Amino acid sequence: MCDCHQNGCQRPEELIGKPEDCSPDQIRKCHGEVKDHPCAPEKKEK
């Protein structure tokens with residue numbers, strides 16, 4: 001459901017590095033209070 005852009009990021013202008021490397025503060029800045037970072041690839045648990 002993510003309208004992700006380049007590198008899978010919804011807010012590439014705010015991105016430093018890769019979406020999965022964003023800090024909790026950076027995620028809140030871009031997306032508000034969310035449980036999971038919508039731009040990071042889903043982690044598959046074994």
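What you see is a predicted model, in which local features need pLDDT of at least 70 and side-chain atom pairs count only at pLDDT 80 or more, while totals for chains, interfaces and linings use all residues. Residues are numbered from 1 along each chain as its sequence is written, and side-chain values use heavy atoms, with hydrogens and water left out.

Let's start with the whole protein. It has one helix and zero strands; these are DSSP runs, numbered from the N terminus, with helices being H or I of at least four residues and strands E of at least two. Of its 46 residues, 22% are buried, meaning under 20% relative accessible area, where exposed is over 50% and partly exposed lies in between (1.4 Å probe, protein chains only). Carbon and sulfur atoms hold 47% of an accessible surface of about 4,100 Å², computed by the Shrake-Rupley method with a 1.4 Å probe; for residues, only the protein chains shown count as cover.

Now, the prolines. Where does Pro19 sit relative to helix H1? Pro19 lies in the segment before H1, which spans 24-31. Its relative accessible area is 4%, so Pro19 counts as buried. Follow the chain 20 residues from Pro19 to Cys39, and the two C-alpha atoms are 5.8 Å apart.

Pro38, on the other hand, belongs to the segment after H1. Pro38 is partly exposed because its relative accessible area is 32%. From Pro38 to Ile27 there are 11 residues in sequence, and 8.8 Å between C-alpha atoms.
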